[in-house]
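Student: Can you walk me through this one? I'm new to it.

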Amino acid sequence: MQLNKIEFNKKEIRDAYLFNAPLILIALIFIFLPVIGTLITSFFRDVTFLPGKFIGLENYKRLIGDSHFWQSVEFTLIFVIVSVSLELFFGVIFALLLNETIPGRGFMRVAILIPWAIPVAISARVWQLIYNYDFGVFNYFVLKLGISNQPVSWLGTTAGAFFSIVISDVWKTTPFMTIIILAGLSTISNDLYKQAMIDGTNFLQRFFRITLPLLKPVLVVALLFRTIDAIRIFDLVYVLTGGGPGGSTTPLSLYAYDYLVSGDFGYGSAASVIVFLLAALLAILYIKFGQFKEVVK
Amino acid sequence: MRETTVIKLLKFSGIVFLLIFCLTPFVWMLLVSLSKHPDFLLSQTPLELTLNNYIQILTSSSVHLLTYLRNSIIISLTAAFFSTFLASLSAYAITRLTFPGRVVIPVVLLAVSMFPQISIVGYLFKLMTWLGWINTYYALIFPYITLGLPLALWIMLSYFSRLSKELDKAALIDGANRFQILQKIILPISLPGAFSTFMLIFIYSFNEFLFALMLTIDYKARTIPVGIALFEGLHGQIPWGYIMAGAVVATIPMVLLITFFQKYIIQGLTEGAIKG
Amino acid sequence: MKKIQSLILILTISFFSIQCGSTKKDFTIWIGGSPEEVDFWASIVSQFNNQRGYNLKLIRQPTYTDQRRQGLVISLESKQPDPDLFLMDVVWINQFIRSGWLQPFTPYVTKSKFSTDIFFKGILNTVDKLNDTLYALPVFLDVGLFYYRKDLLEKFGFNNPPKTWDELVDQCKKITPAEKKNNLNFNGFDWQGAQYEGLVCDFLEFIASNGGGILQNGKINLDTPENLKALRFMHDLIYKYKISPPNTYTEMKEEEVRRAFQSGNAIFERNWSYAWKLHQSKDSPVRGKVGLTLLPHFIDHNSVSTLGGWHIGMSKYSDEKNEAWDFIQYVTSYKVQKQLLLKVGWNPGRKDIYSDSLLLKQIPRLKILYEAFKHTVARPTIPYYPQLSEVIQRYVNDCLANKIKPAYALKQMQNHINELEKFYAAK
C-alpha cells in the first residue's frame, strides 16, 4: 500500500484518532495492561501470606521443575491435537451434508447452532450427568448394549476423563467448524463439479481434487482459530473433571488458575505467561506455514 | 445411478446422525429437569414427569437463578452494544480515512483476540480490586467490550469496505461531519452487519466463564454460566433434577435467540472467518 | 434527533448498570456441602433470624471443597464486605489467618465473656489460634475411624476388632479367602488411596500410628524410619498381603470406600464419621452388622486419627462484625450443636455434649468419637498447606501405584518440600 508516500490530511488524522481513541483506550486498559501486569507479577513472589519480593526467574524455575506442570503441558497439547482433528473431520462431513438442499434447512441450522451457543459451563453439567457412573446415559447404553457388564468410570479414570472431555469439546465446537466450512463450500462454483461429473469422476475424486484444495484457505483460518481456542480451554474441564483424577486432565489455564486462587499469584502469573507464549508460538507457526499473509488485506 | 442412491442414503443417515449428535444432550437436559427421579435410568426408579424442580429452584430464596440471568442479560447487552459501537467508529475511520496506523490497528486487534484469557484475568483481578469494581457489572462489562472488539472490528470492516466512498463524498460536500455520516448513512445501510456483530458479541459475553468466575462473588453481579456451574441443586442425595432445571432456565434465552436470529448469527460468523 | 436518541439510549443503559451493580449492606454467611447439609444450615439461619431479629442471608457454595476455598480466596483477597461469616476446612485456617483475612475474636470474646474452655483445648491451640489469638471456632469435628463387620469377625471366631496392624493382617488372611469364594469383589481393608487430599489424611494416620508424622519438632521431616515402615505397610496391603484392592490408588475416595463396604465387599473400612449413618440406613446391606472403633496402630504405639472438620470464621472486612459474633455464639451454643449432631450427624466442637447422658444413650458412638478426639493428629498448620499436600499426594500415590519405592518416595517428597519451604519461608 502506498501509505508512506501520501501526505496525510491533518483533519483526517484528527478525526481518525478521535474515532479510534475509545477502542484503543479500552484495549490498552483492559487487555494490554493486564497482560503486561501479569508478566511483571510473574517475576515477583506474590503470595497472600508473605510480603512481596522481586525474585526474577524463580517462579519459572519452579515451573520447570514441577512434574504437574509438564503433565499439564502434555495434556493440553494432546487434547488440542486430538480435539481439533476430530472437529475438522466432523466439520467437513457435516458441512458436506448441509451443503445440499434439504427440507427444514432453517431447523437444521438452529439445531447445529445449539451446541455452540449454549454456554460451555452449562452444557458441561449436562455432560457431567451423561457421564455419571450410576445413572448416566452413556453407561446405560454400555450396559444395555452389552458392551461391558460393568459400568465405565468415564470421569474417574485418566483415559475415561480424557475422552469424556474430548467428546464434549468436539460436540460443542464441531458446529462452529461446520458453519465456517459450509461458507467456504458455498464459494466453490457448482460448475466445477458439473464439469468433473461430465468428465466421469466419482464422488471421492471430486472431493479430493476440487473441494479440498479450494477449501484450504478456509480450513487454515478455521484451524488457526480453533487451535488457539483449544489451548485456552478452561470452562469445560473446570466443570467436568476439575482437572482430575489426580491432576491428569488439567490444562495449562486451569493449572495457572488453581495457583492464582490458592494465594500464589506470582506462580500462577508465571504459568499464565507460559500459556501466552504457547499461543503466540502456535500463531506464528500457523502464519508461517499457512501463508496467512495473503489473507490479511 | 447406484452412486446417487448410495449417496442419498449416506446423506440421510448423516443428517439423522447430525441431529442426534447436536440435540441429544439438550433433550436429555429437558427430560431430567422434568423428572421426579433423575436417576430413572436405573431400572428400579420409574420415569415420572413433574414441574416440581422448576418450581422449587425458582421460588427458593437462596437460589438466585433469575438474578443471575438478569445480570447476564444486562451485562451482555451493554457489552455488545458498546463493542459494536466502538468497532463501528474504528472501522469507519479505517475504511474511510488515511492515517498512520490504519493497518496496524486491525492486525494488532487480531493478535489480541488470540490472547489467552488466563493471561489477562490474573492482573485484571488486581485492577478491578483497586478500582473497587469487583462484584459489580463494570468488572465484566469493560472486559467483555474489549474481548468483543476484534471480531466486531473485522466484521464491520468487511461491511464498511464494501460501501463506496462516494456515499461519503456526497455528504461531505453537503457539509456533514464524519460522525454524522457514520450515523446517518453508513450505519443504517450496514445495519444487518451491525446486528450480526451485536448478536455474536452478546453470545460470547453471555457464555463467558473465567472472568465471571474470578471477578464476581455473589448474586449481585454473578452471571448465569458461573451460577449453573457452581449450582449444587436443592435437597436430597441426587439433586440432578434441580441442576438440570436450572440449566434449562439458563439456556432458554440462547435458544430463543438462535431460533429467531440464526440468519444473522451465521452471517456474522462467516463474515468474520471468511472475509476476515 | 437521532444523535440525541442514541445518547439517551447510552445513558439509560449506563444508569441501569450503575443501579444494579450497587453494593447494599448484606449480612451473609457462605455455606457449602451436600444439598442436605446446606438445607439444614438454612433452617438454622432462619431460626437465628427469628430468635434474634437479624437478617442473615445464607449464600450457597458449591459442594466441592476446593471450589469453596477458591470462592473465599477471591472474595477475601478483593476485600469484599461479603461474606461476613463462612466455614473453613480445618486445613485452610492457617493460610487464612496468615493472609490477614480473619477477624481476631479477642475483643468479642472479652466483651461477651465467652468461655473457650468448653472446646477441645488441643484443637483450639493447634488449629484455631496463632500466637495465642483466637481466629476461628470448631463447629464440626471429624476424625478418621475404623469400621468393621461384626458379623464376619464373629463368624470366623474373632472376639475383637484388630488393635494392631499385624492383627488386622491376620484376621484378613483368615477371612478374605473364604469370603472371596462367594464374592469376587470382596476385599479385606478399604481406605482412601487415590491421588487427592484424602490420601494425605490416611497417610498421616498410618505413619503417626507408628510414632512418625509429617511435622517432627516443628519441622517437616518425612524421611524417617517410622514413616518408612508405615509407607511400606501401605504398599504391602495392596501388593504383599493383597488385602486392599488395586483400585485403592486409582479410585478409592470417601464415597467409593463407603459404597464398597456398604455393599458388603469389605471387612474393614477407614472413613470419616459420616459413613456410620449411611451404613445404618434402611436399604443398607450391612445395616446392624457394623462396628465402630479406633484405628489400628503399630505395636508399641497408639491409635491416631487425622483431624478433619469445619470451623467458623469471620471476615476481617465484614461490615457486620458484632452481628456476626452473635451468630458464632449461637452456632457454638449447646442447643444448636446438639441440633447439628442429631439432624446432620455433625460431631460437635464442644466437649460437654459428649458427656450428655441422654445423648450418649441415643448415640453410643459418641463415646468412641470422644476417645478419638483425644488422639488426633492435625495436618501441618502452615499457610502453604495446599502445595505441601499436593507433593505428598503425588509421591505417596506413585508409591502405591508401584511406580516408585517407598524409601525413594519419602526422600523425594522431602527434597521437594525443602524447596517449597525455601520459597515460602517468611522474609
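Tutor: Start with a term: buried area is the accessible area (1.4 Å probe) that two parts lose on being put together, summed over both. Between domain 1 and domain 2 of chain B, about 640 Å² is buried, with carbon and sulfur atoms giving 87% of the area. This is a predicted model: local features need pLDDT of at least 70, side-chain atom pairs count only at pLDDT 80 or more, and totals for chains, interfaces and linings use all residues. Residues are numbered from 1 along each chain as its sequence is written, chains are lettered from A in the order in which they are written, and side-chain values use heavy atoms, leaving out hydrogens and water.

Student: Which three residues supply 60% of the area that domain 1 of chain B buries against domain 2?

Tutor: Met29(B), Ser33(B) and Pro38(B).

Student: Where do the domains of chain B run?

Tutor: Domain 1 covers 2-43 and domain 2 covers 60-274. The bounds come from an automatic or database domain assignment.

Student: New topic. How many residues does each chain put into the contact between A and B?

Tutor: Chain A gives 95 residues and chain B gives 100. Contact means heavy atoms within 4.5 Å. The two chains bury about 9,000 Å² between them, 81% of it on carbon and sulfur atoms.

Student: How many salt bridges are there between chain A and chain B?

Tutor: Two. A salt bridge is a side-chain nitrogen of Lys or Arg within 4 Å of a carboxyl oxygen of Asp or Glu. One salt bridge joins Arg125(A) and Glu232(B), at 4.0 Å, N to O.
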